[in-house]
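Dear colleague,

I am handing over the structure below, and my notes on it follow. Please keep it open while you read.

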Amino acid sequence: MRTANLGGRLVLVRGGRALDVATASGGRYGPDPQAVFDDWAGFHAWARSADLGAAEPYEPEELGPPVPRPGQVFAIGVNYREHADESGYGADSSPVVFTKFRSCLTGPVAEVALRGDRCDWEVELVVVVGRPAVAVAARDAWSYVAGVTVGQDVSDRELQLGGERPQFSLGKSWPGFGPTGPVLVTPDELADPDDLALGCTLRGEVLQSSRTSRMIYGVPRLVEYLSGHCALAPGDLIFTGTPSGVGNARVPRRYLAPGDVLVSTVEGVGELRTTFVAGPA
């Protein structure tokens with residue numbers, strides 16, 4: 001199953017066409033893309049047999065973030081060994097966790113204003129929680145996942161790293177610094193949800209290219225770890241970390257500039273297309 005946020009309404013997506021859920025379900029499920037997580041299991045069961053014959057074409061530019069108002073947005077740092085190495089971080093005994101505030105979220109085709117001249121890219125697989133999770137074992141973790149989507153953890157390195165102490169959450173939460181989409185894909189749509197290719201390009205140049213199987217802490221371990229320290233709720237997001245190739249680790253360093261178009265992809269899910277423009281001085 002693939003769901004999306006089409007003009008603020010929940011839709012099922014297949015082959016470039018979208019079915020309005022509220023209409024197709026006769027009001028059983030409302031139009032709000034966020035509210036569906038209150039009964040995700042029931043919705044998933046209904047959607048598996050939904051008739052998509054009335055689905056209509058749509059344009060990617062019409063899509064918003066598939067999860068527009070998550071209660072919590074977790075983010076994982078240095079979760080690929082190559083990225084940890086390029087950034088100069090040693091091995092950690094547990095995942096590095098921070099947050100992106102949900103006000104930064106935007107859709108899969110977006111124009112984003114830069115904040116300063118040291119803004120960086122970080123393509124990520126984003127996990128969407130499907131049911132309440134507390135102290136979940138890794139072996140059961142995927143059953144608590146509603147689906148996955150593509151994310152960009154755009155980062156203002158000056159704010160994040162420029163002071164005496166790091167400001168991860170603030171440096172990654174400027175408006176538009178959390179593109180997500182284009183759709184939410186349930187794990188059963190993917191041949192192996194633990195091994196997906198991901199990457200991003202800028203002006204056609206490949207910047208990042210890896211596979212989620214190369215995470216230090218995979219999705220099951222992240223769900224286990226996070227749910228072991230706090231309650232996860234349906235509709236929460238987990239940005240699972242980025243592979244190597246970020247601009248701040250290059251020699252010379254390289255950052256996003258006005259006019260840049262960043263294309264971010266995850267195998268079996270889709271792509272984000274983010275256009276950057278000049279921001280406030």
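I begin with Arg203, which counts as exposed because its relative accessibility is 58% (exposed means over 50% relative accessible area, buried under 20%, and partly exposed in between, with a 1.4 Å probe and protein chains only). Arg203 sits in the loop between strand E15 (197-202) and strand E16 (205-211), and although it is not a glycine, it has a positive phi of about 55°.

Please bear in mind that this is a predicted model, in which local features need pLDDT of at least 70 and side-chain atom pairs count only at pLDDT 80 or more, while totals for chains, interfaces and linings use all residues. Residues are numbered from 1 along each chain as its sequence is written, and side-chain values use heavy atoms, with hydrogens and water left out.

Val78 also has a positive phi, of about 40°, without being a glycine, and it is found in the loop between strand E6 (73-77) and helix H3 (81-87). Val78 counts as buried, because its relative accessibility is 15%.

As for the chain overall, there are six helices and 19 strands, where helices (H or I, at least four residues) and strands (E, at least two) are DSSP runs numbered from the N terminus. The radius of gyration is 18 Å, close to the 19 Å that the globule rule gives for 281 residues, so the chain is as compact as a globular protein of that length; the radius is taken over C-alpha atoms, and the rule is 2.2 Å times the number of residues to the power 0.38. Of the 281 residues, 53% count as buried.

Turning to strand pairing, which requires that DSSP finds at least two bridges between two strands, strand E9 (residues 109-113) runs parallel to strand E19 (residues 270-277) over five bridges, with Val277 as the bridge partner of Ala113. Strand E18 (residues 261-266) is joined to E19 by six bridges in the antiparallel sense, and Thr265 stands opposite Glu271. Three residues lie between the strands of this E18 and E19 hairpin, where Gly268 takes a positive phi near 80°.

Two cis peptide bonds deserve a look in the viewer. One runs from Gly181 to Pro182, with omega near -5°, and Pro182 belongs to strand E14. Another joins Val251 and Pro252, with omega about -5°, and Pro252 lies in the loop between strand E17 (237-239) and E18.
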